[in-house]
Amino acid sequence: MNAVIEERRGSVLILKLNNPPVNGLGAALRTALVGAIKAGQENNEIAAFVISGEGRMYSAGADIREFGTTPPAGTPDLNDAINSLEMSSKPVVSAIHGVAAGGGLELALGTHYRVGAAKTRVGLPEVTLGILPGAGGTQRLPRLIDMTKALELITSGRLISVDEAHKLGIIDEVADGDVLEAAIEAAERLATEGAAPRRSRDQAVGLAAAKDNPALFEDFAKTMAKAARGMNAPYACVRCVEAATTMNFDDGLKYEREEFTKLVTATESAAMRHAFFAEREVAKIPDVPATTSAKDIKSAAIIGCGTMGGGIAMNFANVGIPVTIIETEQAALDRGLERIKGNYANTVSKGRLSQDAMDKRMGLLTGATDMQAIGDADIVIEAVFEEMIVKKEIFSKIDAIAKPGAILATNTSTLDVDEIAAVTKRPEDVVGTHFFSPANVMRLLENVRGAKSSPETIATVMNLGKTINKVAVLVGVCDGFVGNRMLHQYGREANFLIEEGVLPQQVDKVIFDFGFPMGPFTMGDMAGLDIGWAVRKRKAAERPSNQRYSAVADRICEQGRFGQKTGAGWYRYEAGNRTPIPDPEIESLIIQASKNAGIERREISDEEVLKRCLYPLVNEGAKILEEGLAIRASDIDVIWVHGYGFPRYHGGPMFWADTIGLDEVYETMRRYHAEHGELMRPAGLLEKLAKEGKKFSDFKG
Ligand code: CAA
């Protein structure tokens with residue numbers, strides 16, 4: 001396969017980047033490109049070049065899989081390749097279609113004129129991989145466009161539309177028709193005009209702004225504080241862009257390369273690259289190959305219009321799929337539809353949705369109080385109260401009414417999907433779709449595979465995830481499925497730590513500083529403590545009498561402190577303010593609870609807090625893997641990054657454990673087991689991998 005396909009059109013040499021699936025700028029391609037440009041320079045019949053992409057895009061940038069590998073001796077690096085285009089004495093024009101991302105856009109910025117096809121997206125997403133545009137992007141972009149815009153694009157990694165890129169000055173021309181033809185025309189024109197090629201390195205559009213405002217970079221860095229918390233890459237991006245204003249172009253490139261090299265070898269980038277590939281791997285299900293026929297979902301029905309049902313319905317309406325929503329009482333239905341309307345209106349008021357789009361979405365929602373209305377739906381999702389008897393009754397009705405072949409899904413977060421499927425005559429069509437609250441916002445979707453769910457059913461709900469813009473992960477049936485089952489370990493240990501000597505604010509700070517959006521007690525207050533209390537009361541009889549149990553949360557609930565909604569929970573709150581304030585009353589209550597449990601309180605380090613909260617969570621992940629309830633460790637990471645705010649720059653809990661070393665995790669769990677008993681027993685898989693010196697990423701099921 002030729003990594004660069006050469007075609008001649010008169011005096012224009014077309015060089016098509018050819019490295020499927022995304023034209024990653026790997027070693028072979030770079031070598032071929034530099035060779036072709038050199039030969040073209042020396043060929044008197046060639047007056048100009050056009051660079052384009054073979055297949056579905058221009059280029060997605062550096063081949064990420066090559067990071068950390070050594071290319072064959074003599075291979076030009078990406079900077080060499082881009083410089084050879086930029087320094088060409090003959091005009092080089094880019095014909096960009098699909099996507100030009102990262103090194104792909106940097107390559108285009110090295111050409112002298114850029115033509116974009118309609119619907120093209122361009123950007124520098126390196127920061128989302130924990131690195132920075134390391135092939136001149138931080139030096140060329142601020143020379144071409146407004147400085148603040150360049151900073152915003154580089155530090156956010158956002159891909160923008162060709163029209164926005166045109167307005168900003170990244171793209172010179174948006175092609176009306178065929179982009180390659182337009183680029184050839186431009187190349188011929190530039191060659192005929194005979195002017196010196198316009199090199200990005202010689203431009204200075206954004207540079208003046210910094211001279212007028214020396215505090216620009218410091219001020220900009222402050223605006224990123226929340227989004228960039230815990231990460232190095234966004235700050236390195238700002239430093240490199242600043243270098244474009246203080247150094248000459250070549251020194252700036254050198255500085256950028258040094259900063260890039262530091263980042264690409266750090267764990268932050270390894271973790272974020274892991275997350276990138278994990279999100280793509282998750283769609284691959286060994287016994288449900290990509291060729292499995294999936295059903296087309298053109299209409300949906302949701303049973304239950306509470307917060308969850310309403311949120312789920314919005315996902316369908318958002319992508320133009322009509323939804324029928326069922327409630328037993330008209331008043332409840334009206335309330336649910338009003339809530340949806342309120343959610344949309346809120347987005348409209350923030351300017352993120354037009355009134356017209358909102359009206360269209362509302363127009364796709366039909367309420368009904370008669371179950372017969374689900375009869376035509378391609379998928380029926382039950383989202384009612386979390387009670388087995390209720391769910392079974394509803395599934396019998398769904399079975400009687402839904403059309404043959406419809407997918408029958410339950411949005412349970414804890415219940416046995418197989419038991420629910422067993423009340424129907426078509427368990428092969430039954431599956432769990434576990435949405436996370438708020439369902440219209442959270443991107444995670446745990447698709448729960450029942451023992452009898454057919455491959456077609458699974459393929460359909462995995463595809464559906466993509467259609468409604470979710471990250472869908474396939475999991476097996478168990479209490480809490482993957483995410484909540486692991487969360488339970490973490491919540492339990494946080495509560496035990498409170499009894500042993502720390503206060504909620506210490507645990508929350510440790511977890512926040514690790515990178516989660518908030519700690520477990522702040523989270524509990526936000527979600528409402530009464531829900532967990534009700535579950536604990538319901539399950540009290542199932543708990544072995546010799547098992548340790550922390551009653552602190554129950555004592556708090558008994559006082560009517562259910563969290564933010566009652567103005568007090570683990571913390572107290574001032575009217576109209578959601579900031580948790582440590583409460584001396586809770587401190588006394590906790591100290592009393594320790595006494596009642598016969599526990600002598602002790603100093604506990606932040607390090608121990610972190611390990612006690614997160615190692616048992618990882619340990620549970622290992623049990624889930626060995627029980628075959630998740631396909632691979634990286635699927636668990638995707639669940640935690642998208643459903644629970646696990647910091648992406650740690651990759652997810654299983655990747656994080658791999659970076660620490662499973663021997664350390666195992667030895668610590670062994671000690672906890674000896675000190676705290678059965679709940680802390682190390683998973684067999686953790687022990688096995690640790691003893692073999694392996695990682696979770698080595699586990700192949
Ligand atoms: N390197 C290696 N593989 C890549 C890749 C890259 N830059 N980009 C995508 N792929 C792979 C994916 O892993 C996937 O592989 P599988 O089919 O085996 O799962 C395949 O290409 C298709 O990718 P998507 O499923 O993501 O395709 P899509 O059409 O949904 O999205 C895209 C296309 C928007 C370009 C998306 O793939 C993407 O965002 N890619 C990464 C872009 C990026 O971050 N580029 C910067 C690279 S780093 C760099 O360039 C450094 C530098 O400055 C020198």
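Biologist: Which hand does the crossing of α25 and α26 have?

Modeller: In this predicted model, the crossing of α25 and α26 is right-handed.

Biologist: Why is α25 called oblique to α26?

Modeller: Helix α25, residues 606-626, and helix α26, residues 633-643, pack at an angle of about 130°, with their axes 10 Å apart. That angle makes α25 oblique to α26, because 65 to 115 degrees counts as roughly perpendicular and over 145 as roughly antiparallel, while the rest, apart from angles under 35, is oblique.

Biologist: Which residues of α25 and α26 meet, and how do they divide into nonpolar, polar and charged?

Modeller: From α25 come Leu617, Gly621, Ile624 and Leu625, which meet Ala633, Ile636 and Trp640 in α26. The residues of this contact divide into six nonpolar, one polar and no charged, and Gly is among those that count as polar.

Biologist: Why are α19 and α26 called roughly perpendicular?

Modeller: Helix α19, residues 481-500, packs with α26 at an angle of about 75°, their axes being 10 Å apart. Since roughly perpendicular covers 65 to 115 degrees, α19 and α26 are therefore roughly perpendicular to each other. Their contact is made by Val482, Gly483, Met486 and Leu487 of α19 together with Ile636, Ile639 and Trp640 of α26.

How values were computed
Residues numbered from 1 in each chain as written. Predicted model: local features only at pLDDT ≥ 70, side-chain atom pairs only at ≥ 80, totals over all residues. Heavy atoms only, no water. Axes fitted to C-alpha atoms, helices over the stretch in contact; angles between N-to-C directions. Helix = DSSP H or I, 4+ residues; strand = E, 2+ residues; numbered from the N terminus. Left-handed = near helix turned anticlockwise from the far one by under 90°. Contact = heavy atoms within 4.5 Å.
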